[in-house]
Amino acid sequence: MNAENQGCSERLVTAAYVRQGAQGRRAHELRLRALLEQGKCPEDGWDESTIELFLHELAIMDSNNFLGNCGVGEREGRVASGLVARRHYRLIHGIGRSGDISAVQPKAAGSSLLNKLTNSVVLDVLKLAGVRTVTSCFVVPMATGMSLTLCFLTLRHKRPKAKYIIWPRIDQKSCFKSMITAGFEPVVIENMLEGDELRTDLEAVEAKIKALGAENILCVHSTTSCFAPRVPDRLEELAVICANYDIPHIVNNAYGVQSSKCMHLIQQGARVGRIDAFVQSLDKNFMVPVGGAIIAGFNESFIQEISKMYPGRASASPSLDVLITLLSLGTSGYKKLLRERKEMFSYLSSELKKLADNHNERLLDTPHNPISLAMSLKNLDETNDAAVTQLGSMLFTRQVSGARVVPCRSVQTVNNYTFKGFMSHANDYPCAYLNAASAIGIKKQDVDVFLKRLDKCLKTFRKEAKQEKSINEISDANTATEQLED
């Protein structure tokens, strides 16, 4: 309420009460002012009333919410359902313009302001999470795979002769298909087995660069967050190789923002060598619905080039979701979630090791993976993949989601590329195993329930195996007796 309206209110209600109400509103407005001036995530999270006031203020700046607005174009922010309008806080115009996802819309000052503030707040959080020298980022309304594709398409204009992408193998379809969709040929670099861990084969990467010629290579496409026993790529060494051969370097940091180790690798890689962009998912790192990602980097002009490559306007929903979430949490709330995730990783690791020991299995030694763990499944019938995958089915039917059971010999073809040992990141990993991860938002109860149900499933397998063994022994004894009588 402005001063003129406040004065009018004082003629209707006791002036002291109106002034008190105005002071209450002023407290909300001071928060909004700090956000607009600083463009940083607040230290303490905002209450819902402040966030809703802020979003309402933005919405009434958009033309579709102007009183008396007369729209005669094809895109006027008309929405048939009031429920849909309320779901989006009446921010209907989306973000960007036809030629640039980061551009300001004349019809939508509020939505444009939302877009700028979201990118600024997210940049602040990336720095807080460990990549202190990142200079630019933007939220894109696509998940990680398509966001990587956008990066590759932007590099095409810089390296028109290039047709190959060097890719240390990770068995995850979307990051592989991101290269195919962009029209490039992935050059798969098999991982090296070091103890239980699968690590980057740096010599193979450099040898392939020399064999193909640096000018024919679009980029190196590396990975941080991944399923154990694969561990984050050797980012520092890869960044140095890219700098030495003048080859771009794109990092798939899908759920790495929640890991200080993954973010440190990116920071160090940029310090000692070359990292052009790194891409991370919104849902995996900030607990929002699927559908958005952050493209970030250390060269502001290159990140702007990527944003201009996006054709047309874009949905504002991912930007709105992550901004609301970060304003609700504040930096203190987000850092608390990061600490809790790390504590739960230690707890999951220690408890899963105990369970593995009880079943004569082994927690694989993967100290370089800060999020995912793997437990061997040697005591299942490893000559029969169905017996291994049955465990995954048992867990899923018992409402355990996210656990992956990986057999030894699965083969899968993705876009005419055949991968042996698919899901294990290697042609011939030594054993079948089960994955579990400690991701942001996980609670102790989740870990305890998972371990209890896994223990029960493994006991069921052991009981069935003993029964089958007894039946086989009886059958063998009967056969031997019949042979003697004959």
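**Helix packing and aromatic pairs**

Author: Ile51, Phe54 and Leu55 in helix α3 meet Leu320, Leu323, Ile324, Leu327 and Ser328 in helix α13, where contact means heavy atoms within 4.5 Å. This is a predicted model, in which local features need pLDDT of at least 70 and side-chain atom pairs count only at pLDDT 80 or more, while totals for chains, interfaces and linings use all residues. Residues are numbered from 1 along each chain as its sequence is written, and side-chain values use heavy atoms, with hydrogens and water left out.

Reader: How do the residues of the contact of α3 with α13 divide by class?

Author: Ala, Val, Leu, Ile, Met, Phe, Trp, Tyr, Cys and Pro count as nonpolar, Asp, Glu, Lys and Arg as charged, and the others, Gly among them, as polar. By these classes the contact of α3 with α13 has seven nonpolar, one polar and no charged residues.

Reader: At what angle do α3 and α13 pack?

Author: Axes are lines fitted to C-alpha atoms, for helices over the stretch in contact, and angles run from 0 to 180 degrees between N-to-C directions. The axes of α3 (residues 48–59) and α13 lie 10 Å apart, and the angle is about 145°.

Reader: Is α9 roughly parallel or roughly antiparallel to α10?

Author: Angles under 35 degrees count as roughly parallel, over 145 as roughly antiparallel, 65 to 115 as roughly perpendicular and the rest as oblique. Helix α9 (residues 235–245) and helix α10 (residues 260–272) pack at about 25°, with axes 8 Å apart. That makes α9, relative to α10, roughly parallel.

Reader: Why does Thr144 count as buried?

Author: Buried means under 20% relative accessible area, exposed over 50% and partly exposed in between, with a 1.4 Å probe and protein chains only. Thr144 lies in helix α6 (residues 144–158). Thr144 counts as buried because its relative accessibility is 9%.

Reader: How are the rings of Trp167 and Phe419 arranged?

Author: Rings of Phe, Tyr and Trp (its six-membered ring) pair if their centres lie within 6.5 Å; planes under 30 degrees apart count as stacked, over 60 as edge-to-face and the rest as tilted. The structure holds nine aromatic pairs. For Trp167 and Phe419 the centres are 6.3 Å apart and the planes stand at 80°, so the pair is edge-to-face.

Reader: How many residues apart are Trp167 and Phe419?

Author: Trp167 is in strand β2 (residues 164–168) and Phe419 in strand β13 (residues 417–420). The pair links distant parts of the chain, with a separation of 252 residues.

Reader: Is the pair of Phe286 and Tyr334 stacked or edge-to-face?

Author: Phe286 is buried, and Tyr334 is buried too. The ring centres of Phe286 and Tyr334 are 5.3 Å apart and the planes are at 25°, so the pair is stacked.

Reader: How many helices and strands does the protein chain have?

Author: Helices (H or I, at least four residues) and strands (E, at least two) are DSSP runs, numbered from the N terminus. The secondary structure of the protein chain comes to 15 helices and 14 strands.
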